[in-house]
Amino acid sequence: MVLSFLGCSVSTKKLNEFEKINKENINEIIVKKSLDDSLKYTFNNEEENVFLNLINNRKNLKLLKAQPKFWIVVKFKNGDERKFKVLDNYIGNNDWYMKTDKAKFFEDIYKNGLKTK
């Protein structure tokens, strides 16, 4: 009888930056409390620019596992979506996060946006 043990190693290559988002390809950007929440707020042009500048210019991301407080969903004209998790001091995509002081800004957009609708 021959026993063979195979090891499997998972590579966690450091991600340097988020994939860039071209504003021309966006249909809308929304913020929601949870992914299945029907309440949402759609970003205006200025809020989109703040988000895109943050995402497109951030370097040195870190790998985290966390429960989001809010979600930012970028919906593209071709039907694709990218989902970003918003924590207290981080924004992330696929468990890669950047530290930011803008997380509260996006939380406030959601809360204030729902009040005005």
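Aspartate 95 counts as buried at 15% relative accessibility, and in this predicted model its side chain meets that of lysine 65 in a salt bridge with an N to O distance of 2.7 Å. Aspartate 95 also forms a salt bridge with lysine 85, where the closest N and O atoms are 3.2 Å apart.

- Aspartate 95 lies in the loop between strand E6 (90-93) and strand E7 (96-99), while lysine 65 lies in the loop between E3 and E4, so their pair ties together parts that are 30 residues apart in sequence.
- Lysine 65 counts as exposed, at 73% relative accessibility, whereas aspartate 95, at 15%, falls under the 20% limit and therefore counts as buried.
- The pair of aspartate 95 and lysine 85 links the loop between E6 and E7 to strand E5, with the two residues standing 10 residues apart, and here both aspartate 95 and lysine 85 are buried.

**Other salt bridges**

- The structure holds 12 salt bridges, among them one in which the side chains of lysine 59 and glutamate 17 meet at 2.6 Å, taken from N to O.
- Lysine 59 belongs to the loop between helix H1 (45-56) and strand E3 (62-63) and glutamate 17 to the segment before E1, so this pair ties together parts that are 42 residues apart in sequence.
- Lysine 59 is partly exposed, with a relative accessible area of 43%, and glutamate 17 is likewise partly exposed, with a relative accessible area of 29%.

**Strand E4 and its partners**

- Strand E4, which spans residues 70-76, is mostly covered, in that six of its seven residues are buried.
- Strand E1 (residues 26-32) is joined to E4 by six bridges, and the two strands run antiparallel; in this pairing, isoleucine 30 stands opposite valine 73 of E4.
- Six bridges also join E4 to strand E5 (residues 81-86), again with the strands running antiparallel, and phenylalanine 70 has valine 86 of E5 as its bridge partner.
- The hairpin of E4 and E5 has four residues between the strands, and within this hairpin glycine 79 takes a positive phi near 95°.

**Aromatic rings**

- The count of aromatic pairs comes to eight, and one of them is the tilted pair of phenylalanine 70 and tyrosine 110, whose rings are 5.0 Å apart centre to centre with 55° between the planes.
- Phenylalanine 70 lies in strand E4 and tyrosine 110 in helix H2 (residues 103-116), so their pair ties together parts that are 40 residues apart in sequence.
- A cluster linked by ring pairs is made up of Phe18, Phe43, Phe51, Phe84, Phe105 and Phe106.

**Charges over rings**

**Glutamate 107 and its network**

- Lys69, Asp88, Glu107 and Lys111 are linked in a network of salt bridges, and glutamate 107 itself lies in helix H2.
- Glutamate 107 is buried, with a relative accessible area of 10%.
- When its neighbours within four places in sequence are left aside, glutamate 107 is in contact with Lys69 and Phe70, of which Lys69 also belongs to the salt-bridge network.

Key
Residues numbered from 1 in each chain as written. Predicted model: local features only at pLDDT ≥ 70, side-chain atom pairs only at ≥ 80, totals over all residues. Heavy atoms only, no water. Buried < 20%, exposed > 50% of the residue type's maximum accessible area, 1.4 Å probe, protein only. Pairing = 2+ DSSP bridges. Phe/Tyr/Trp six-rings, centres within 6.5 Å; stacked < 30°, edge-to-face > 60°. Salt bridge = Lys/Arg side-chain N within 4 Å of Asp/Glu carboxyl O. Contact = heavy atoms within 4.5 Å.
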